Amino acid sequence: MRVRQPTFNREQPMPRKIPLQMIAFIAFIVASAVASECVAETPSTQSDLESHIAELAKPYVAKRDHCRLTIGVFQDGQRYVASFGADQPPDAKTPDENLVYEIGSITKVFTSILLAQCEQDGLLKLDDPISEHLPKDFTVSPEVGAITFKQLATHTSGLPRLPNNLIATWIDPYAKYGADDLQECLRTLKPNYPPGEKQAYSNLGVALLGYLLAEKKGESFDSLVRSTICEPLGMPDTTTQLSDAQNARLVAGHAPNGTVASNWNFDVMAPAGALRSTVHDLLVFSEANVDGKDGPLRKALDRSQESHYRTKTENTGLGWQILNDPASGLTIHWHNGGTGGYHSFLGTVKSKQLGVVLITNYGDDFAGDSSIDRMGFEILRAAAVGSAEQ
């Protein structure tokens with residue numbers, strides 16, 4: 001049985017046809033299909049898991065010229081990282097875990113954790129309407145002002161996927177879209193449906209969320225992510241602005257046809273998809289989300305993982321998508337990301353102290369290819385089952 005896992009997010013300048021309300025259901029179907037196909041060969045040891053990962057990666061990179069795929073697993077305090085494909089960054093001695101990629105919409109999880117931390121700090125409440133926290137001279141329509149912070153973080157704001165005054169291009173689509181453009185858009189915009197009524201993925205909504213949080217804290221979005229999340233957790237390579245040394249480790253992105261893709265740069269839309277990172281940093285992030293240890297972000301991380309919007313087909317935390325999989329009994333918190341030349345997947349299972357990260361330098365989403373997401377779910381399931389058998 002071959003089931004394709006569609007990507008549910010993205011920063012793409014063009015909307016996809018699959019509505020967000022179908023994602024949780026589709027993800028469950030995919031996870032169940034993966035389980036039925038892999039039961040007989042579930043890895044039972046670390047060595048078996050590493051071999052299984054290599055078997056999954058081999059056909060993926062074989063079909064793509066100049067492909068680089070880096071996969072990391074955190075489980076019970078141990079880490080495994082491997083990179084597949086022929087290409088190396090300029091410094092061929094760079095360890096696999098320190099290769100730098102664009103991670104796209106996984107950025108939204110970080111933006112939502114910033115929201116949870118602001119709540120912990122007493123700066124706002126999730127159910128506050130944003131009209132109570134607008135910067136001076138930043139005017140929005142009354143309908144937009146009534147949207148709550150939680151609705152922005154759960155894609156239930158009613159805002160469209162993209163700003164109506166964004167000139168959509170496939171090459172670096174967000175670089176020139178700034179705060180003045182955002183205000184122009186929101187001054188007269190009315191939501192597509194009453195906030196809280198239903199869920200529809202909105203890059204605009206999360207960008208607005210991050211912008212408001214950064215303004216409230218008096219920092220840039222990049223500075224706020226680094227000071228609130230990356231520095232406390234020890235994630236030095238997660239940033240929107242790469243240093244020269246980090247650029248030397250950046251793997252060149254590729255469009256689905258194999259041509260080199262332009263990197264994406266962001267202004268006010270940064271909270272929706274601007275972060276670059278490494279598998280090392282995302283494994284550190286995964287560990288912090290599943291280990292339950294006390295720390296400066298413990299309450300915010302736990303708050304983000306709670307279910308904040310749930311229907312028969314949807315389960316969403318703050319930023320996280322939550323898959324409750326009856327086939328395995330696992331509760332998976334996950335998100336994926338895609339830009340013009342990259343595709344990423346991050347999934348965690350708290351009950352198994354497990355995190356899985358995959359990043360490739362191919363913009364699969366633009367070809368409707370969900371291989372990375374399917375691979376991520378399969379590795380999560382295999383590692384979780386293998387852990388139970390040891």
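**Close-up views of a predicted model**

Of the 390 residues in the protein chain, 59% are buried, and the legends below describe a model that is predicted. The chain contains twelve helices and ten strands. When contacts between residues at least 6 apart in sequence are considered, 72% of them join residues at least 24 apart. The chain exposes about 15,100 Å², of which carbon and sulfur atoms supply 49%.

**View 1. Strand 1 is enclosed by the rest of the structure.** Strand 1 covers residues 69–75, and seven of its seven residues are buried, so the strand is largely enclosed by the rest of the structure. In a regular strand, side chains alternate between the two faces of the sheet. Here both faces are covered, with Leu-69, Ile-71, Val-73 and Gln-75 buried on one side and Thr-70, Gly-72 and Phe-74 buried on the other.

**View 2. Aromatic rings pair across the chain.** The structure holds ten aromatic pairs. In one of them, the rings of Tyr-101 and Tyr-342 have centres 6.3 Å apart and planes at 90°, so this pair is edge-to-face. It links distant parts of the chain, since Tyr-101 belongs to strand 3 (residues 101–102) and Tyr-342 to strand 9 (residues 342–349), 241 residues apart. Tyr-101 and Tyr-342 are both buried. The rings of Phe-138 and Tyr-211, with centres 5.2 Å apart and planes at 40°, form a pair that is tilted. Phe-138 lies in the loop between helix 3 (107–120) and helix 4 (142–145), whereas Tyr-211 lies in helix 7 (residues 203–217), 73 residues apart, and both residues are buried.

**View 3. Four aromatic residues form a cluster, and an arginine lies over a ring.** Tyr-174, Trp-264, Phe-266 and Phe-366 are linked into a cluster by ring pairs. Arg-64 lies over the face of Tyr-60, at 3.7 Å from the ring centre.

**View 4. Ala-248 sits in a loop.** Ala-248 is found in the loop between helix 9 (244–247) and strand 4 (276–277), and its relative accessibility of 28% makes it partly exposed. Although Ala-248 and Val-100 are 148 residues apart in sequence, they are 8.7 Å apart in space, C-alpha to C-alpha.

Key. Residues numbered from 1 in each chain as written. Predicted model: local features only at pLDDT ≥ 70, side-chain atom pairs only at ≥ 80, totals over all residues. Heavy atoms only, no water. Buried < 20%, exposed > 50% of the residue type's maximum accessible area, 1.4 Å probe, protein only. Helix = DSSP H or I, 4+ residues; strand = E, 2+ residues; numbered from the N terminus. Contact = heavy atoms within 4.5 Å. Areas by Shrake-Rupley, 256 points an atom, 1.4 Å probe, with all protein chains shown as cover. Phe/Tyr/Trp six-rings, centres within 6.5 Å; stacked < 30°, edge-to-face > 60°. Lys NZ or Arg CZ within 6 Å of the ring centre and 35° of its normal.
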